[in-house]
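Trainee: I am new to this structure and would be grateful for a close look at a single part of it, namely an interface. Please set out what is found there in one connected account.

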Amino acid sequence: ALKGGSRFQVSAALTEGRVAPTELCQRCLSLIKSTKFLNAYITVAEETALKQAEESEKRYRRGQPLGVLDGIPIAVKDNFNTAGIETTCASNMLKGYISPYNATVVQRLLDQGAVLLGKTNLDEFAMGSGSTDGVFGPVRNPWSYSRQYKEKSVPKSHSEDEESNWVITGGSSGGSAAAVSSFTCFAALGSDTGGSTRNPAAHCGVVGLKPTYGLISRHGLIPLVNSMDVPGILTRCVDDAAVVLGSLAGHDPKDSTTIQDNFKPFEVPNLTDVSKLSIGIPKEYHAPGLSSEILALWSKAADLFKNAGAKVIEVSLPHTRYSIVCYHVLCTAEVASNMARFDGLEYGHRSDMNKSTESMYAATRREGFNDVVRGRILSGNYFLLKQNYENYFIKAQKVRRLIANDFVKVFGSGVDILLTPTTLSDAVPYMEFIKEDNRTRSAQDDILTQAVNMAGLPAINVPTGLSERGLPLGLQFIGQSFQEKQLLTVAKWFEKQVKFPMIQLEVKRHDHSAFQHQKSASFS
Amino acid sequence: LAPWVPVVGLEIHAQISSNSKLFSGSQVQFAAPPNSLVSFFDASLPGTLPVLNRRCVEAAVMTGLALKCSINKKSLFDRKHYFYADLPAGYQITQQRVPIAVNGSLSYSLCIDNKMSQMVTKTVRIKQIQLEQDSGKSLHDDARSQTLVDLNRAGVGLMEVVMEPDMCCGEEAAAAVRELQLILQTLGSSQAVMAEGQLRVDANVSVHRPGEHYGVRTEVKNINSVRFLAKAVDYEIQRQIEELESGGTILNETRAFDSKLGCTVPMRDKEGKQDYRFMPEPNLPPLILYDAKSLPANTNHQQVVNIDWIHERLPDLPSVKRAKLVERYGILPEHSFTLLNEDGLAEFFENVVKQTQMKPKKVIGWILNDLLSYLKQHSLTVKESPVSSFLLADLLNLLEKKEISSTAAKQVLVELWKGEGKTPLEIVKEKKLELIQDQKELEQICQAVIDGQENEVIMMVLG
């Protein structure tokens with residue numbers, strides 16, 4: 001449990017008894033119902049959430065909350081195992097699959113008294129950049145229903161209404177981002193393999209933190225790419241992200257890829273003097289297709305640091321342009337391997353086909369997986385064939401090392417933090433997004449976030465401003481390995497400078513006054 | 001026409017003797033109720049991760065050192081992919097790129113022409129030892145067209161020991177495996193009982209004409225005992241020779257040994273060549289082992305495996321034990337082999353020697369000829385022997401003190417086998433088997449015999 005710390009808004013309200021955990025929980029559940037059209041949640045665990053809230057309440061009454069997170073409603077992406085609660089990965093393969101255990105990160109949150117509201121929607125098995133390709137349907141960006149967006153949107157024809165104009169959340173942790181953005185929870189877990197936490201964070205106007213690989217346990221996170229996956233944290237402000245990070249980070253004996261060193265939870269310092277800071281602007285992140293809006297925002301941000309006295313220099317990460325292709329090889333290879341366990345035998349969907357074991361396997365996998373998953377399995381198996389392994393997998397691993405070394409060199413030359421865009425543009429309308437296939441979209445959208453996963457570095461999306469269409473734009477800070485404190489410090493300073501506007505969500509709700517507390521952006 | 005040169009290599013899988021499995025905490029136990037020893041990881045539940053078992057690493061290091069291998073201070077884990085009902089994850093975690101131990105050797109002995117008196121020592125190179133997961137078991141119920149899967153064994157640690165094709169026949173293969181069994185049992189790294197599936201042997205067999213390239217090899221599986229190994233290998237060599245001599249070719253295939261028919265048959269399952277699509281196991285960092293020199297200061301003892309520490313604590317290997325027996329007791333080398341070949345026999349022998357004045361060189365005859373043959377006849381182990389070392393020593397003492405003849409001793413032994421709790425002395429008295437030491441008494445007996453046979457004596461004297 002975190003001791004003391006700065007006064008946190010909702011936590012303070014809970015501690016001071018101004019609001020009770022059960023009340024908070026009820027309000028969130030009610031709001032989830034009112035915002036059902038967003039399709040952010042796959043499973044709402046109403047009963048268990050209320051029980052957890054009751055337990056929390058008892059603790060507060062005794063004056064013994066477990067910490068800052070006690071009683072705080074949270075949501076978890078549906079690729080994390082949650083004991084007794086369905087975990088589907090938005091796939092037919094795991095529909096109805098009730099996890100028998102909690103992922104370590106889930107357990108740690110529950111141990112801190114957090115209230116688990118439910119499981120959020122995603123692209124099937126986290127493969128995608130729109131949160132549009134899961135079996136439960138696409139997630140809608142809450143900003144589609146914001147006054148800011150509606151004011152700016154020009155209906156193209158009479159027949160077109162806001163129903164068809166809604167924009168995507170980005171992905172693959174779109175459900176989690178939408179849940180946080182629409183105030184139905186105070187923090188959510190996502191996962192990040194190629195940008196899957198940062199991308200939807202940018203599109204939904206929330207903070208999305210990708211921690212250093214090896215800092216947070218992956219035990220219980222259903223893997224996409226074991227060597228790149230990390231649990232991601234989505235919150236409404238940087239301070240909240242630090243609180244969640246503090247409760248999650250640290251060695252887990254169940255995950256052999258976590259570092260042994262002890263992690264010291266920290267409060268994000270309030271930086272006042274940035275003159276000792278060196279910000280790097282990687283020129284390769286001026287990627288083809290980068291919208292002029294984002295370019296301008298990026299430039300403005302760089303100026304902000306410069307004017308405040310920081311050293312802002314252009315740097316080069318020359319192998320950036322190979323990261324997508326490299327990722328494609330390594331990701332699909334791992335996918336082919338990780339998905340091999342889904343055969344219908346021990347758990348999950350099993351086809352009725354029973355002529356032979358092999359035909360049962362084939363039918364199960366054809367029925368259980370969508371095209372995206374099957375496509376990646378086929379590609380991955382191709383790259384892993386004996387005759388191809390050297391030319392594809394080994395080559396990609398070598399390129400991966402070059403990409404990682406780019407960062408090492410730049411950070412080694414005295415740069416503290418890198419500043420880049422997170423996405424190429426603001427969120428596109430769903431109807432436009434689906435015109436291109438998943439693979440094309442992923443390749444386009446991952447370009448600014450993917451290399452970070454290659455190198456295992458920490459990175460964070462900070463909501464920066466609104467686009468001309470009234471939608472969120474975010475910028476990304478990339479830090480050095482295990483230097484989350486420095487990364488969050490800079491991110492928090494920046495957050496204070498840009499004062500990103502609160503979403504003015506227009507949602508039919510039964511109890512107007514109940515919305516009051518949700519309006520507080522943060523719990524911390 | 002020059003004779004064929006048979007070439008035999010072996011791939012041996014030894015189950016590691018440990019409390020829990022290689023990458024998960026579930027128990028290792030033979031013959032438990034089906035699916036009662038299966039952790040989430042063993043069942044390949046999504047989101048579970050492997051955690052390396054320290055004891056299994058130590059077992060592999062011990063075995064590597066005993067087989068004179070170089071222990072790789074850095075070894076890696078890989079995934080080997082194939083679909084099968086008893087492989088829940090769709091891949092096996094093994095060590096394909098860099099195994100834990102390489103380049104060792106194993107010495108074993110054979111009797112020439114089945115004569116125990118002529119033993120020859122041979123060596124087989126050990127290519128490598130790798131750590132890997134065992135699979136579960138699948139039972140095909142053809143009557144109900146279903147396959148039953150038991151995952152108790154899935155994930156148990158295995159050491160795969162690869163022996164280079166330095167052997168030439170079934171006898172050599174059998175002797176090499178027998179020696180490996182003894183080594184593993186001495187180390188305790190595996191109980192190596194073939195009948196319980198703790199030691200599985202696959203033989204790679206080919207033949208070629210001298211001076212030419214090695215021939216196409218077949219892999220022979222489903223061998224359940226050391227005896228069957230010799231038979232399977234010899235059969236396969238013969239089959240290949242006959243095939244080639246009649247103008248046929250050998251297919252690079254996998255064959256199963258049918259112990260009832262005493263032959264090898266092609267295995268239907270393995271059709272076409274499998275591409276295992278090896279990939280590094282991303283959830284396990286490289287396995288780093290230390291020795292006294294490389295051990296960093298202030299390391300947590302629990303977190304590291306120290307090769308030198310293990311080396312210092314290796315027990316005497318069979319070859320050393322045999323040499324010591326020969327030296328200490330003056331027995332023949334072939335005797336020492338038999339002593340070590342039988343579980344508990346060497347200990348029995350030494351206990352008898354301790355308790356008797358009879359020279360070990362004489363005791364050994366009683367152990368190997370009388371005791372052992374009796375045990376074999378009745379399919380008993382040394383532990384189950386109704387005659388304890390104490391009793392046998394007691395008996396041998398009577399013989400040594402010349403209180404009984406050796407013929408009488410054998411009669412007593414026959415009685416002792418009955419296990420009725422009588423001491424040798426009691427049996428001797430009961431059956432009046434005492435040797436008569438008194439000269440006068442002997443003369444009297446002889447005289448009585450002569451007196452009783454007067455005619456025969458006269459005839460003899462007259463010639």
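**The interface of chain A and chain B**

Mentor: Across the interface of chain A and chain B, zero salt bridges are found, a salt bridge being a side-chain nitrogen of Lys or Arg within 4 Å of a carboxyl oxygen of Asp or Glu. The model is predicted, so local features need pLDDT of at least 70 and side-chain atom pairs count only at pLDDT 80 or more, whereas totals for chains, interfaces and linings use all residues. Residues are numbered from 1 along each chain as its sequence is written, chains are lettered from A and ligands numbered from 1 in the order in which they are written, and side-chain values use heavy atoms, with hydrogens and water left out.

Polar contacts are present at this interface: 20 residue pairs of chain A and chain B, both at pLDDT 80 or more, are in polar contact. The term denotes a pair of N or O atoms within 3.5 Å; within protein, one must be able to donate a hydrogen and the other to accept it, and residues adjacent in sequence count only if both atoms are side-chain atoms. On the side of chain A that touches chain B, the elements giving two or more residues are α11 (323-338), α12 (357-368), α13 (371-384) and α14 (386-412) of chain A. Helices (H or I, at least four residues) and strands (E, at least two) are DSSP runs, numbered from the N terminus. By class, that side of chain A has 19 nonpolar, 13 polar and nine charged residues. Here Ala, Val, Leu, Ile, Met, Phe, Trp, Tyr, Cys and Pro are nonpolar, Asp, Glu, Lys and Arg are charged, and the others, Gly among them, are polar.

As to extent, 41 residues of chain A and 32 residues of chain B take part in the contact, which means heavy atoms within 4.5 Å. About 2700 Å² is buried between chain A and chain B, and carbon and sulfur atoms give 57% of that area. Buried area is the accessible area (1.4 Å probe) that two parts lose on being put together, summed over both.

Chain A has 19 helices and 11 strands, and its C-alpha atoms fill a box of roughly 65 × 60 × 55 Å along the principal axes.
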